[in-house]
Amino acid sequence: MSSIILQIILLLLGFTLLSLSMSRHFSQVTNKRQRLAKSTVWLFRMLGYGLIIVSVLVAINAWGVVLGLVYCFGTAMLVTLLLSLILAYRPRWLSVIPKMMKLM
Amino acid sequence: MRPRFRQSMNWLHTWAGFAVAWLLYFIFVTGSAGYFENEIDRWMKPEITVVNSNDNPDGNTNAYQVLEIAEQQLNQLASDSPQWYIRFPATREPFMGISWLQLADSESKKTKQWRQKSINPENGSAVAIRETGGGHTLYRMHYNLHYIPKIFGYILTSLAGMFMLIGLVTGVVIHKKIFFEFFTFRPQKGMRAWLDIHNVLSVLPLPFHLMITYSGLILLMTVTMSNVIDVTYGEGKANHLKFYKVAHSEIKENKAITLLPEDLSLKTVFDDASTRYKNQKISFIGLIDRGSKNEHYDIFFDHFTGIALASSVEYRIKDHQVEIEISRGKAGSAARVYELFERLHEGLFADIYLRWLYFISGLLGAGMIATGMMLWILKRQKNACKDNKSSRFNIITLIEKINVAVIIGLPIAIAGYFFSNRLLPITMVNRADWEIHCFFISWLACLCFCLFRQSENAWKNMLTIAATSYALLPVVNLITTDHDIISSIQKDDWIMAGFDLSMLLFSAIFTVAVLLINKNRQHKKSINSHLVAEKKSAITSEERPS
């Protein structure tokens with residue numbers, strides 16, 4: 001159960017960062033058109049891919065290679081679907097991340 | 001070269017999809033329902049009493065009682081049957097029961113079939129279960145297509161699977177911005193929105209789509225590629241059986257145990273197995289080939305290691321000694337690959353979370369096919385509007401109407417199947433067959449309804465019917481049986497409650513769809529009236545100076 005929740009959190013964060021590394025979705029979230037700086041794009045991408053890789057490793061560790069991959073692909077499907085719906089209908093929900101970026 | 005390549009792939013994607021879209025949609029929806037085969041089965045057999053494992057901490061004494069009752073009942077009901085099975089409560093099927101193979105008997109007009117009864121552990125009575133197709137028939141429909149001979153069903157589904165694979169590969173080729181538009185869905189953009197949602201439904205569960213299509217084809221390969229077997233083993237059933245024996249041979253380990261042959265009985269076998277495998281729960285005991293030389297006991301466990309079912313154990317008498325036989329998996333590596341795909345396809349190992357993910361992925365696949373059909377219609381309507389060809393428009397309208405009847409009619413037909421389970425008289429002859437007839441009758445009724453409605457109204461009406469029928473299912477369950485959602489939850493009967501709640505969830509989804517259509521239409525109307533008003537004012541302002 002806790003492994004499943006960890007999977008969902010890791011993949012949700014990872015894919016959110018990946019989606020925000022695209023100017024189109026970043027603009028949707030902040031509600032103003034802007035081009036992202038190259039460094040930000042790279043930061044988001046590296047963190048995003050990193051989290052996804054970590055989640056795969058966690059899954060394989062928890063369930064073994066075959067079952068772990070099944071869990072990972074399944075959860076990724078759920079999370080990306082959720083994310084594309086949020087981006088389409090409630091993009092402001094994700095504005096936490098740009099705000100946190102500013103604080104840093 | 002490249003643009004032409006993409007164009008031809010686009011053509012292939014469109015027409016490969018169009019050719020089998022209705023069939024594929026049927027396969028995906030009924031197949032997805034199949035992931036909840038056991039749960040649907042339980043709902044369709046309301047006579048079953050659920051056993052809660054936390055009710056009886058002293059598991060074994062209770063199991064002995066069940067065994068005793070089961071054996072007594074089987075002796076009474078199935079003394080001449082060659083195969084007995086006794087079911088113990090398992091995770092997905094938390095109840096007890098007996099089943100046996102009834103032999104054909106011309107005198108009493110019995111046909112050869114599997115019979116089953118549920119056992120109520122509280123008073124030890126065997127309860128008759130209504131005759132029903134259950135979840136099993138619903139799930140089997142996704143590859144045998146029910147009314148046609150099995151072999152044609154297999155070939156047609158395989159063919160649809162091949163087209164699906166073509167559709168998936170060409171789809172990836174023609175989707176230029178597969179990564180850039182990974183999360184993109186722009187709901188307000190007309191045709192673009194349909195393309196977006198089609199892409200979202202295809203790309204996000206793409207690993208599932210590829211796996212399920214490919215493994216589906218693998219599962220039926222002995223049918224579609226039977227010629228390969230013919231070449232080496234010869235034609236005909238008997239020769240093919242030789243192939244199966246060789247291909248699926250298993251590594252087996254035989255061991256003599258201390259149990260005396262004359263002591264061998266259901267009880268001692270159960271005892272031995274439960275002490276030998278302490279951390280595994282027994283889900284089935286079978287007594288196979290009763291009365292013959294080959295009589296043996298089969299034990300099945302309710303446990304998966306990875307994606308493989310914990311292997312079964314056989315007890316038999318050999319050379320005046322009791323011997324156990326443990327299977328250690330398939331011998332050939334080809335068989336092991338086949339088995340991997342089979343397990344991934346069926347998802348029997350899945351816990352409740354993965355099961356829902358499988359189910360959702362399957363429905364997303366159905367959604368992908370449905371949006372593909374919509375896009376086909378929209379593109380052609382647009383072109384027809386441009387060319388003003390009214391004759392082509394008619395055929396497209398007809399196809400659009402059939403689309404509605406398929407896309408929304410199928411869920412309604414499934415609801416019809418569930419209704420028939422509760423509403424047909426219990427004593428009806430061929431009741432299980434009539435349930436399936438009800439399924440197809442409701443679908444046919446949907447088709448007739450859609451053909452006589454304008455397609456715009458048909459969408460709304462059909463969605464309303466679907467929402468209403470799914471909302472009514474728990475109500476009918478409440479009226480015809482003593483299972484309502486609240487008492488099911490109180491009795492910890494989560495499968496019954498979960499089924500009813502899921503039906504309400506589906507009803508809610510259909511209701512949202514109806515509301516969205518209404519909103520959209522009002523939006524369109526206000527835009528239209530706005531345009532008309534603008535035009536009028538433009539005309540009047542033009543008229544004034546003259």
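Modeller: One convention before the helix packing: axes are lines fitted to C-alpha atoms, for helices over the stretch in contact, and angles run from 0 to 180 degrees between N-to-C directions. Also, this is a predicted model.

Colleague: Fine. Which strands does helix H11 of chain B lie across?
Modeller: H11 (residues 266-276) of chain B lies across E5, E6, E7 and E10 (313-318) of chain B. Its angle to E6(B) is about 140 degrees.

Colleague: And what is the strand order in the open sheet of chain B?
Modeller: The order is E4-E3-E2-E1-E6-E7-E10-E11-E5, nine strands with antiparallel pairing. At the edges are E4 (125-128) and E5 (250-257) of chain B, each pairing on one side only. From one strand to the next, the twist averages 25 degrees.

Colleague: How many bridges join E6 to E7 in chain B?
Modeller: Six, between E6 (residues 282-288) and E7 (residues 296-301) of chain B, which run antiparallel. B:Leu287 has B:Tyr297 of E7(B) opposite.

Colleague: Switching to helix H9 of chain B. How many of its eight residues are buried?
Modeller: Zero; H9 (residues 226-233) of chain B is hardly covered. Just after H9(B) comes B:Gly234, with a positive phi of about 90 degrees.

Colleague: Now chain A. Where is A:Val41?
Modeller: A:Val41 is in helix H3 (residues 38-63) of chain A. Not counting residues up to four places away in sequence, A:Val41 touches A:Ser21 and A:Leu36.

Colleague: Why is A:Val41 called partly exposed?
Modeller: Because A:Val41 has 16 other C-beta atoms within 10 Å; buried would take 20 or more, exposed 12 or fewer.

Colleague: What separates the C-alpha atoms of A:Val41 and A:Tyr71?
Modeller: 28 Å, with the two residues 30 apart along the chain.

Terms used. Residues numbered from 1 in each chain as written. Chains lettered and ligands numbered in written order. Predicted model: local features only at pLDDT ≥ 70, side-chain atom pairs only at ≥ 80, totals over all residues. Helix = DSSP H or I, 4+ residues; strand = E, 2+ residues; numbered from the N terminus. Contact = placed C-beta atoms within 7 Å. Pairing = 2+ DSSP bridges.
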